[in-house]
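Please prepare a short briefing on the interface between the two chains shown below.

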2 protein chains.
Amino acid sequence: MRNIKLTLEYDGTDFCGWQVQPEGRTVQGVLTENLTTLLREPVKIIAAGRTDAGVHARGQVVNFSTGSTISLQGLHRGLNALLPPDVVVRRVQVASSGFHARFDAVRRQYLYRIGVRSTALDRRYVWTVLRPLDLSVMQHAASILLGTHDFTAFCLSPGERKHCLCQVLEVSLKKARGEIHFRITANRFLHSMVRILVGQLVGVGCGRLSEVEFKQLLTGGKPHQPVAVAPPQGLCLMRIIY
Amino acid sequence: MRNIKLTLEYDGTDFCGWQVQPEGRTVQGVLTENLTTLLREPVKIIAAGRTDAGVHARGQVVNFSTGSTISLQGLHRGLNALLPPDVVVRRVQVASSGFHARFDAVRRQYLYRIGVRSTALDRRYVWTVLRPLDLSVMQHAASILLGTHDFTAFCLSPGERKHCLCQVLEVSLKKARGEIHFRITANRFLHSMVRILVGQLVGVGCGRLSEVEFKQLLTGGKPHQPVAVAPPQGLCLMRIIY
């Protein structure tokens with residue numbers, strides 16, 4: 001048996017997220033089905049992280065065990081030939097037998113693209129915010145995220161986890177290609193955490209939330225208003241680091 | 001009567017090109033229909049250039065005359081509210097009464113994106129070429145294009161025009177964002193000219209065509225092989241200069 005590691009890119013627009021569901025097209029479902037066809041054996045796929053409906057990936061990592069003797073190149077080409085155009089295998093590697101795509105991941109990196117004008121060409125990949133945003137205030141708020149904090153206020157279902165502490169290792173919010181790009185690397189992410197962070201940062205940028213209130217949310221404070229979750233299409237899982 | 005100038009962005013993927021057809025969804029058709037609804041009068045739209053099926057635009061320019069007294073902001077917002085998500089008005093201006101979007105254009109700028117690996121997220125906007133390409137040979141061939149040449153060999157229907165002379169004012173072929181970007185500015189473009197140029201430049205890059213043969217095509221030579229037309233999705237009309 002070999003333990004195979006795949007790096008995947010997908011356009012989340014037409015998927016109901018990563019995880020297999022009884023109904024609806026999912027990335028895990030499409031990948032499992034085509035791998036089973038190619039390898040002629042049942043395959044159980046483990047992903048580094050589940051992405052929500054509409055969220056994209058450039059560097060999702062998965063692993064699975066197989067008894068097939070197919071070459072890595074044959075697997076790579078064969079799978080890309082079978083997969084629909086919105087899922088692409090970028091890399092195929094043999095991993096050590098104990099490698100686990102989810103448990104062994106030490107850092108995850110996301111990009112969220114905020115568009116500042118209406119767009120046709122990027123509409124599937126940005127959240128368009130037409131209100132004026134104060135970038136420097138947003139940048140300062142974003143910089144507070146660095147380090148270990150309790151992200152309870154930035155999790156859609158905090159009760160599911162033992163604790164909500166996450167260590168943010170890198171964070172930036174910058175103008176790029178006429179958009180605002182929010183990049184964040186952390187040891188773990190909670191449910192919808194990046195999208196809630198972006199929703200609240202945009203709140204800071206348009207004056208709905210003060211920087212002091214934003215900071216309070218990081219020290220166990222509860223949001224006064226319903227949580228603002230940025231829409232999924234702006235989000236992309238960029239990289240998993242092992 | 002005011003003469004209105006619009007700058008448009010559109011995703012050509014789901015359009016049968018710019019020009020109205022008896023059947024099939026076209027950008028001109030969708031724009032005319034929604035402008036007529038908004039202004040409550042028939043509207044005749046003139047575009048700087050027709051784009052083919054599947055070709056995109058970030059800076060298409062059109063003009064039309066209207067007796068409507070709607071404000072420019074009302075026109076901008078109203079039209080973007082009515083238009084489908086794959087067409088967006090970027091700018092609305094009042095032009096001089098004699099302004100003609102096509103005849104007054106002095107330069108047109110196109111970008112063609114060549115992808116060098118399989119991609120899910122950019123599949124609607126790049127031509128993926130998996131054969132190895134010699135970038136420096138392609139760059140040298142592209143540099144020959146600068147100046148005025150007879151582009152008969154790079155036109156799908158040369159008989160339709162009086163002559164095929166075009167003046168290329170800027171040209172570049174560069175690595176950008178892990179892709180190869182071909183940018184070209186000229187006073188005019190012939191039918192499918194950019195796509196044939198890219199098809200032949202890729203021919204040079206993979207050794208199918210020598211640089212000498214490419215140069216001969218620019219001096220009235222006829223292609224020995226069937227003309228290689230790069231697919232539409234990599235092409236984007238970037239800017240019209242008046």
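Six salt bridges connect chain A and chain B in this predicted model, a salt bridge being a side-chain nitrogen of Lys or Arg within 4 Å of a carboxyl oxygen of Asp or Glu. Over all chains, the same rule gives a count of 21 salt bridges. Side chains of opposite charge can pair when their charged atoms come close.

**Charged and polar pairs**

- Arg58(A) and Asp122(B) meet through their side chains in a salt bridge, at 3.3 Å from N to O.
- Another salt bridge joins Arg117(B) to Glu9(A), with 3.1 Å between the closest N and O atoms. This pair crosses between chains: Arg117(B) sits in the loop between strand E5 (107–115) and strand E6 (127–128) of chain B, and Glu9(A) belongs to strand E1 of chain A.
- Between chain A and chain B, 14 residue pairs are in polar contact, both residues at pLDDT 80 or more. A polar contact is a pair of N or O atoms within 3.5 Å; within protein, one must be able to donate a hydrogen and the other to accept it, and residues adjacent in sequence count only if both atoms are side-chain atoms.
- On the side of chain A that touches chain B, at least two residues each come from strand E1 (2–10), strand E3 (56–66) and strand E4 (87–95). Strands (E, at least two residues) and helices (H or I, at least four) are DSSP runs, numbered from the N terminus.
- The residues on that side of chain A comprise nine nonpolar, four polar and 10 charged. Nonpolar covers Ala, Val, Leu, Ile, Met, Phe, Trp, Tyr, Cys and Pro, charged covers Asp, Glu, Lys and Arg, and the others, Gly among them, are polar.

**Extent of the interface**

- Contact, meaning heavy atoms within 4.5 Å, involves 23 residues of chain A and 23 residues of chain B.
- The chains bury about 1,800 Å² between them, with 50% from carbon and sulfur atoms; this is the accessible area (1.4 Å probe) lost on being put together, summed over both parts.
- Ala120(A), Leu121(A) and Arg123(A) supply 33% of the area that chain A buries against chain B, more than any other three residues.

**Relation of the copies**

**Confidence and conventions**

- Chain A has a mean pLDDT of 95, and 98% of its residues reach 70 or more; pLDDT is the predictor's confidence in each residue, from 0 to 100.
- For the complex, the predictor gives an ipTM of 0.90 and a pTM of 0.92.
- Residues are numbered from 1 along each chain as its sequence is written, and chains are lettered from A and ligands numbered from 1 in the order in which they are written.
- Local features need pLDDT of at least 70, side-chain atom pairs count only at pLDDT 80 or more, and totals for chains, interfaces and linings use all residues, while side-chain values use heavy atoms, with hydrogens and water left out.

Conventions
Buried area is the accessible area (1.4 Å probe) that two parts lose on being put together, summed over both.
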